[in-house]
Amino acid sequence: MYLPPHDPHVDDPMRFKPLFRIHLMERKCATVECMYGHKGPHNGHIQIVKKDEFSTKCNQTDHHRMSGGRQEEFRTWLREEWGRTLEDIFHEHMQELILMKFIYTSQYDNCLTYRRIYLPPSSPDDLIKPGLFKGTYGSHGLEIVMLSFHGKKAKGTKITGDPNIPAGQQTVEIDLAHPLQLPDIENLRDFSELSRIVLEVQEQVRREEQEHQQEEEDCSQPAASQPTVKPLGGEGAEGEETAAGAAGTTQDKAPASQPFVLPMGVISRNEDYPRTCRICFYGTGLIAGHGFTSPERTPGVFVLFDDDRFGFIWLELKSFSLYSRIKVSFQNAEAPSREAFDEMLKNIQSLAT
């Protein structure tokens, strides 16, 4: 398992932690060992579920327990996962969230299901290269997000989740057709000024969506004597437009970099964010209550710093997330080829049956 660095150091490398290992001693002899816990390798099991999916099970979960009970396990987990002790965390809400995460993750005892992640395709027209990024999420700590491009939209999908927004949800969506012109550095410090700019674009986007919806309704109700007329460019033309095409004009006019500072009152876990940016876009961020209750998309600002870092200002939360590209080669995970790994799992499955 590759764990994100300790919060809030998004530029630090990922941390490697073995969870299980497979011994292939002879052609028809294989053993699986669980690596979870602090008592050394012990007996485990692996099973193919379906294509691109397998599960692991620990057969000796007592090896995961500590002599000091759950309290010692929690303190050890806290040091390893967060790089701090409970006494270091003064914020009561953060303590609650961390405890929830410990209870949630420890209940599985390394009996987990693994699904293959397909990284998004890359195009020369993309704003930056898509891929995996580490991001700050306030009291939730660092989480992993996959950035991908879809025509006039860019999407950040959570690979790891939290009690509010689970994995698989689109944490941010960037509207590449609506770049934002930030005010000068002094006015940018005024949160109300940034809020005014963003809400004006939000209203513009709302009007455009209504007009587009009206056009579609008009096209779906043609006169009886006339054939149906497709929108200019043909079906799906809008979705095929590249991100660079959607915002190319604005980017050509924009300076190579411009000063950037967070407005007063916006909270950032990492104060070491870049002080210049390339371009900003209007976007929306997904927020919800515990258990993914009452989810809603709220306005925000996507800030592109460079090829490997971007940020998002959550307007409603007055919070800032900083994202940094994951550059690890995953050499331990990629040692066998996909075909060899799939074949290895099949061999173990046949031995188990």
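Biologist: Into which classes do the residues of the lining of the largest cavity divide in this predicted model?

Modeller: Rolling a probe the size of a water molecule over the atoms shows where empty space is left. In this structure, the lining of the largest cavity divides into five nonpolar, three polar and four charged residues. The residues that line it are L3, P4, P5, H6, D7, R15, E81, W82, K101, H140, G141 and L142.

Biologist: How many cavities of 30 Å³ or more does the structure hold, and how much space lies in the largest cavity?

Modeller: The structure holds one cavity of 30 Å³ or more, and about 90 Å³ of space lies in the largest cavity.

Biologist: Turning to helices, which residues of helix 4 are buried?

Modeller: An α-helix has 3.6 residues a turn, so residues three or four places apart point the same way. In helix 4 the buried residues are F191, L194, S195, I197, V198, V201 and V205.

Biologist: What span should the 29 residues of helix 4 have, and how far apart are its end C-alpha atoms?

Modeller: Helix 4 covers residues 191-219, and at 1.5 Å a residue it should span 42 Å; because its end C-alpha atoms are 42 Å apart, the two values agree.

Biologist: Is H64 buried or exposed, and where is its place in the chain?

Modeller: Buried means a relative accessible area under 20%. H64 has a relative accessible area of 5%, so H64 is buried. Its place is in the loop between strand 6 (53-58) and helix 1 (69-82).

Biologist: Which residues does H64 touch, leaving aside those up to four places away in sequence?

Modeller: H64 touches C34, Y36, G37, H42, C58, E73, D109 and N110. With one of these, D109, the side chain of H64 makes a polar contact, side chain to side chain, at 3.2 Å.

Biologist: How far apart are L132 and R325 in sequence and in space?

Modeller: L132 and R325 are 193 residues apart in sequence, yet their C-alpha atoms are 6.1 Å apart in space. L132 lies in strand 8 (residues 131-136), and L132 counts as buried because its relative accessibility is 15%.

Biologist: For the protein as a whole, what percentage of contacts between residues at least 6 apart in sequence join residues at least 24 apart?

Modeller: Among those contacts, 55% join residues at least 24 apart. The protein has seven helices and 18 strands, and buried residues make up 40% of its 353 residues.

Notes. Residues numbered from 1 in each chain as written. Predicted model: local features only at pLDDT ≥ 70, side-chain atom pairs only at ≥ 80, totals over all residues. Heavy atoms only, no water. Helix = DSSP H or I, 4+ residues; strand = E, 2+ residues; numbered from the N terminus. Buried < 20%, exposed > 50% of the residue type's maximum accessible area, 1.4 Å probe, protein only. Polar contact = N/O pair within 3.5 Å; in protein donor to acceptor, adjacent residues only side chain to side chain. Contact = heavy atoms within 4.5 Å. 1 Å grid on protein atoms, 1.4 Å probe; cavity = no way out; pocket = protein on both sides within 12 Å on 5 of 7 lines; lining within 4 Å. Points joined across faces, edges and corners; volume = space filled by probe spheres on them. Nonpolar A, V, L, I, M, F, W, Y, C, P; charged D, E, K, R; others polar. Expected span 1.5 Å × (residues − 1).
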